[in-house]
Amino acid sequence: MKLDICCIGHITLDKIVTPEKEVYMPGGTSYYFAHGISGLLRDTQGKRVPSFKLITSLGGKEMSAVDDIRAKGIDVEVIPSKNTVFFENIYGKNQNNRKQRVRAKADPFTTEKLKDVKARYIILGSLLADDFSLDVIKYLSQRGTLVVDAQGYLREVKDEKVYACDWKDKSEALRYIDILKVNEHEIEVLTGLKDPHAAAMRLHEWGVKEVLLTLGSYGSVIYADNTFYDIPAYEPIKVIDATGCGDTYVMGYTYKRSLGASPEEAGRFASAVSTIKLEHSGPFTGNEKDAYKRMPTVR
């Protein structure tokens, strides 16, 4: 049976500093994606659930993060790396903004290491520009619907500090990407356009089939099938930690799309799980019932 969803990305070691506290914990798209989807996969309620596999890479000292994911029943393939990616994320009172430093980098993924990957949806959790080369994007685009978070391709590391940069291979890479997730800052860097709707249309013209534009506390916009869907941001009980919210959004969206949901329905679900994640440090730990409770207009 063909795999439904495969997420590929480094698990990181994150130092998270907020006005309330300072914590060290695993992170990265793959970490938030795998933990988040584990609760949804367990909450079957007699329904079909998608099959899921995580492919990650990290140093041996952080393997306990993989053990924790496997303990949740998730299939994990580990590609050994000399180092684990080490991020430092510093937030002020406004959780929409953060300062980042990269203290260590892991080995990039290659087509040789990913030669057996095949799934209906393949998610690339890019954290840094060299995680996935153009060759990897081209290869995996033939192996399933390719979902990419642009964040890593727009990060340039100099002396451990993270700076915004343009995606050098975007003109070719975007032709092979089916679903692209960006935030309001990233989409302007990519397109040079300030208007989010015009920028999303530009990415579509360049080849992206579905554009997921997250706007923090202002919600999100999805452009698919020549249609814009304005997705609300649901009110959190309390804002604790925004780290991983974008990854959680991609997880919720892909999960629902794999089950046949429309872009709008998947976007609302993604918004809800992201809100729940925002209320605590660490990944989303709820289920579908928790998510739908946050969507008063959707039943």
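This is a predicted model: local features need pLDDT of at least 70, side-chain atom pairs count only at pLDDT 80 or more; totals for chains, interfaces and linings use all residues.

**Strands, sheet and helices**

Student: How many of the residues of S2 are buried?
Tutor: The cut-off for calling a residue buried is under 20% relative accessible area. S2 comes out as mostly covered, and of its 6 residues the buried ones number 5.

Student: On to the open sheet of 9 strands: which strands stand at its edges?
Tutor: Read across, the order is S5-S4-S1-S8-S9-S12-S13-S14-S15, and the pairing is mixed. Each edge strand has a single partner, so one of its sides has no neighbour in the sheet. The two in that position are S5 (75-80) and S15 (227-231).

Student: By how much are neighbouring strands of this sheet turned against each other on average?
Tutor: Take the angle between neighbours and ignore its direction. Averaged over this sheet, that gives 15°.

Student: Which residue in S8 is the bridge partner of Ile-8?
Tutor: Strand S1 (residues 5-8) and strand S8 (residues 121-124) are parallel, joined by 4 bridges. The S8 partner of Ile-8 is Leu-124.

Student: What about helix H5 and the direction of S12?
Tutor: H5 (residues 184-191) packs on the sheet too, touching S12 (179-183) and S13 (210-214). With the direction of S12 it makes an angle of about 110°.

Student: How far apart are the end C-alpha atoms of H7?
Tutor: H7 (residues 245-258) has 14 residues, which at 1.5 Å a residue should span 20 Å. The model agrees with that expectation, with the end C-alpha atoms apart by 20 Å.

Student: At what angle do the axes of H7 and H8 cross?
Tutor: H7 is mostly covered, with 13 of its 14 residues buried. Its axis comes within 7 Å of that of H8 (residues 263-278), and the crossing is right-handed. The crossing angle is roughly 145°.

Student: How many residues of the contact of H7 with H8 are nonpolar?
Tutor: Among the residues that meet are Tyr-249, Met-251 and Tyr-253 in H7, and Phe-269, Ala-270 and Val-273 in H8. The contact also has 5 polar and 4 charged residues, while the nonpolar ones number 11.

Student: Which residue with positive phi follows H7?
Tutor: Its phi is near 95°. The residue is Gly-260.

Student: Last one: what is the relative accessible area of Tyr-153?
Tutor: Tyr-153 sits in the loop between strand S9 (145-149) and strand S10 (155-158). Its contacts beyond four places in sequence include Ile-137, Val-148, Trp-167 and Phe-132. The C-alpha atom of Phe-132, 21 residues away along the chain, is 8.8 Å from that of Tyr-153. Tyr-153 counts as buried, with a relative accessible area of 5%.

Methods
Residues are numbered from 1 along each chain as its sequence is written. Side-chain values use heavy atoms; hydrogens and water are left out. Buried means under 20% relative accessible area, exposed over 50%, partly exposed in between (1.4 Å probe, protein chains only). Axes are lines fitted to C-alpha atoms, for helices over the stretch in contact, and angles run from 0 to 180 degrees between N-to-C directions. A crossing is left-handed if the near helix is turned anticlockwise from the far one by less than a right angle, and right-handed if clockwise. Contact means heavy atoms within 4.5 Å. Ala, Val, Leu, Ile, Met, Phe, Trp, Tyr, Cys and Pro count as nonpolar, Asp, Glu, Lys and Arg as charged, and the others, Gly among them, as polar. Two strands pair if DSSP finds at least two bridges between them. The expected span of a helix is 1.5 Å times one less than its number of residues.
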